[in-house]
Amino acid sequence: MIESAWNDLAKPFVEVPFDVALLRLSASLILGAVIGWEREAARKGAGLRTHLMVSMAACLFTLVAFELVGLFDESTAVEADPLGLIGAVTSGVAFLAAGSIIVSGGKVHGLTTGAGLWLAGAIGLTCGIGRVPLAALATFMAFVVLRVLIYLVPGEADEEEAPAPPPKTDET
């Protein structure tokens, strides 16, 4: 059992080498940032982090598809339908993510949360096929997007992720 687990972790990238995965995920971040920065500058509801999350999630789903196809030989690939699995997970998570988006008083809230849910689905799917290092790579990048970029882009913090105000006291 330990040997099987070690082999699973020792060969994290079967179909797509680490450097290729890193390059593709990084490229998806950069390209998502181009759109997100423009939307941010235009003060639209979906900002930089939202676009980065959606872009990276789509890339991760694609990388997972390559990894899934490599897990099966020709006789089982048709029965397993790994691409159908990705479609099902994507649809389900998208449904949940859409529920987090709220329009109130002409403002849209929850877009980053929706993208984060979608990415979380991709990370879960990646872990589910045993590609934990790929999921860890995406998780690290998402953490950077969610925790570091909030301090680098003025006004990026939305109400749902902004720090809570200090408690009120009776002192005046």
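Reply: Start with helix 5 (residues 82–99) and helix 6 (residues 111–128), which pack at an angle of about 150 degrees with their axes 8 Å apart. That angle makes helix 5 roughly antiparallel to helix 6. Angles over 145 degrees count as roughly antiparallel, under 35 as roughly parallel, 65 to 115 as roughly perpendicular, and the rest as oblique. The axes are lines fitted to C-alpha atoms over the stretch in contact, and angles run from 0 to 180 degrees between N-to-C directions. Helices here are DSSP runs (H or I, at least four residues), strands are E runs of at least two, and both are numbered from the N terminus.

Which residues touch? Helix 5 brings Leu85, Ile86, Val89, Thr90, Val93, Ala94, Leu96 and Ala97. Helix 6 brings Gly114, Leu117, Trp118, Gly121 and Leu125. Contact means heavy atoms within 4.5 Å. By class, this contact has 10 nonpolar, 3 polar and no charged residues. Ala, Val, Leu, Ile, Met, Phe, Trp, Tyr, Cys and Pro count as nonpolar, Asp, Glu, Lys and Arg as charged, and the others, Gly among them, as polar.

A note on the source. This is a predicted model, where local features need pLDDT of at least 70 and side-chain atom pairs pLDDT 80 or more, while totals for chains, interfaces and linings use all residues. Residues are numbered from 1 along each chain as its sequence is written, and side-chain values use heavy atoms, leaving out hydrogens and water.

Now follow tryptophan 118. The count comes to 1 aromatic pair. Phenylalanine 61 and tryptophan 118 form that pair, which is tilted, with 5.8 Å centre to centre and 45 degrees between the planes. Rings of Phe, Tyr and Trp (its six-membered ring) pair if their centres lie within 6.5 Å; planes under 30 degrees apart are stacked, over 60 edge-to-face, and the rest tilted. Phenylalanine 61 lies in helix 3 (residues 48–71) and tryptophan 118 in helix 6, so the pair ties together parts 57 residues apart in sequence. Phenylalanine 61 is buried, at 6% relative accessible area. Tryptophan 118 counts as buried too, at 17%. Buried means under 20%, exposed over 50%, and partly exposed in between (1.4 Å probe, protein chains only).

Finally, the setting. The protein chain has 7 helices and 2 strands. Buried residues make up 35% of its 172 residues.
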